[in-house]
Amino acid sequence: IALGLILAFIPYFPYTKHIHLMMSGVNFLLFPKRTSRGELEKIDMEDETIEQFGVATLEQLPWKHVLDAYSCIMCNRCQDVCPAYTTGKELSPSALEINKRMYINANSTAIANGGSTDPLLDYAISESALWACTACGACIQVCPVGNEPMFDIMYMRRNQMMMENSFPHELQTAYKGMERSGNPWNLARRDRMKWADGLDIPTVEENPDFELLWWVGCSPSYDMRAQSTARAFAEILKATGVSFAVLGEMESCTGDSARRSGNEALFYEMAMANIEVLNEFMAGDTPKRIVTTCPHCMHTLGKEYHQYGGVYEVIHSTQFMAEMMEKGKLRPMAGAVKGGITLHDPCYLGRMNGVVDAPRMALQGVNGSFVEMPRHGEQSFCCGAGGAQMWKEEEHGTAAVNMVRYEEAAALDVKTIAVGCPFCLTMLTDASKQADQGIEIKDLVELVASGLNQS
C-alpha cells in the first residue's frame, strides 16, 4: 500500500515544494569548486566558435543553476538578507528561483521535447531587478541548500551587455575610462601617482628586489577621499620596515566592475594586461606577495586572475597590519582613537573571502571601545557599491542601501565607523554627510596610522 501511494505521488512530486528533499542533495554534489564564494566562471574570449555570451534563456544556464529552482525550500532567507530587496527594489532572489520552477513545470512537455524556452527576463526577473543586484553574495551565504541566484544574475548581465548591448548608460563612462585610461574615473594614467607626491614611494624599477608589491588601486590613486588611505598605508609600510614597491603608472584597474556588470570582454583585456605586467615583476627565486587596501582588487587579483595564468598570493591591508602587530613590527598607541567605534565588514573581504578576524585585531590595537554591529562578519550588510553599483544610479526603492547600513551603525551611538574598502568609505561617507550626525567614516588604515603618529 505504501509503495502504491509513493508511485501514485511521483508524477506530482516536482510540482510541490517537497521536491527539495531530493534535489538539494544533488545540488550540493554539483556545487562548483571556486577559489572563493564570489569567483565567476571565465569565458574563453579566444574561442571564436562561441556564439552566445552569458545567459538569456533557461537552457543556457549551467545544470546546477537549473536545479537550484527545485532545491529551493521557499524559506525566503535570501530575500531577507538581500540589500536590494530590503530597500524596496524589485529584486527578490527567492522569486527568481520560484519563477524558474513555475515556468519549467508549466512548460515541461515542450522543454522535454527539446523546445526553446522564453527569455528569463520575460518571466523570472525584471531588467530593473537584474541591475539592482550589488553582487554582495549574501543570498549565497545564507542559503541552506546551496542555491546561487547571484550567479544567475551575473550571467544574465553578460548577455545583456555583450549580446543585447543593453545596460545602464552611466556605466559607459566607467567602461571608457577603464579602456582608455586604465581607471573608471576616466582620469589620465600619468596622474596615477600624484597622490604620492613628496612621500618617496619606491616603484618596481627603483626597488626590483621588493618583498611586498603594494597594489594601490584606482580609488586610492584618483579619489580624493581614498587618497588619505593610500598616504596612511604608506606610513604603515615604512614603519614596519618591509621592502615594498608599487607599479606606478604601469598599474591599471583590475576590471572588477566590468566583470560584475557583464562586460567580460573588457575584463579580459584588463586582466591580461595586468597579468603580463605582474608576471614580469613577481617572478624570482624569493616568494613575493601582493597587498592592497581594496577587497575588490584583492578578490580579483587573488581569486580570479588565476583563470588566465595570474597566480598570486594577495592579502588585504588589515591582514598585513594584524600580521605586523603580532610580530611586534607595528606598534600603534593603544587608545589612540577615542570614543565608541564600530566596524563595517566589506562584502568582498568578510563574506566572499572570510577575512573577519584581521580587521578586528587591527582595530583593537588603537581602540578599546569597540562595539560590534548587529550584522557583521560574513553576515555583514552591503554598503551598496558592489556589482558596479558604484558607477551607476541606484534603482528606485524605499531607501538607499548605504543609508540603511549607516543608520544601523549610528543606532549604536558611536563616533566612528571603521571600514576596510574604498567603495565602503565613499558610500558611508556620503550617507554620513546626508545624515549630518557628526559620525566619522575612517578606513582602518587611517586609524592605525593615527595611532603610530601618537606613539
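**View 1. Buried residues of helix α16.** In α16, the residues Ser317, Thr318, Phe320, Met321, Ala322, Met324 and Met325 are buried (under 20% relative accessible area, with exposed over 50% and partly exposed in between, for a 1.4 Å probe and protein chains only). The helix is mostly covered, with 7 of its 10 residues buried. Helices (H or I, at least four residues) and strands (E, at least two) are DSSP runs numbered from the N terminus. This is a predicted model in which local features need pLDDT of at least 70 and side-chain atom pairs count only at pLDDT 80 or more, while totals for chains, interfaces and linings use all residues. Residues are numbered from 1 along each chain as its sequence is written, and side-chain values use heavy atoms, with hydrogens and water left out.

**View 2. Surroundings of α16.** The buried residues of α16 pack against β1 (212-214), β3 (289-292) and β4 (314-316), and also against α12 (224-240), α17 (357-364) and α20 (444-453). Glycine 328 follows α16 and has a positive phi, near 80°.

**View 3. The second largest pocket.** Its volume is about 230 Å³. Of the 14 lining residues, Glu211, Val242, Arg289, Glu323 and Met324 are the closest to its centre. Helix α16 (residues 317-326) supplies the largest share of the lining, 3 residues. The lining has 7 charged, 5 nonpolar and 2 polar residues (Ala, Val, Leu, Ile, Met, Phe, Trp, Tyr, Cys and Pro count as nonpolar, Asp, Glu, Lys and Arg as charged, and the others, Gly among them, as polar). A pocket is an open set of points on a 1 Å grid over the protein atoms alone, where a 1.4 Å probe fits, with protein on both sides within 12 Å along at least five of seven lines; lining residues have an atom within 4 Å of a point. Grid points are joined across faces, edges and corners, and the volume is the space filled by probe spheres set on them.

**View 4. The largest pocket.** This pocket has a volume of about 260 Å³. Residues lining it include Leu58, Trp63, Tyr70, Ile104 and Thr117. Helix α3 (residues 63-71) gives the most to the lining, with 4 residues. By class, 8 lining residues are nonpolar, 2 polar and 1 charged.

**View 5. Helix α19.** Residues 422-435 form this helix of 14 residues, which reaches 20 Å from first C-alpha to last, close to the 20 Å expected at 1.5 Å a residue (1.5 Å times one less than the number of residues). Of its 14 residues, 10 are buried, among them Phe423, Leu425 and Met427. Just after α19, aspartate 436 takes a positive phi of about 55°.

Definitions and conventions: Contact = heavy atoms within 4.5 Å.
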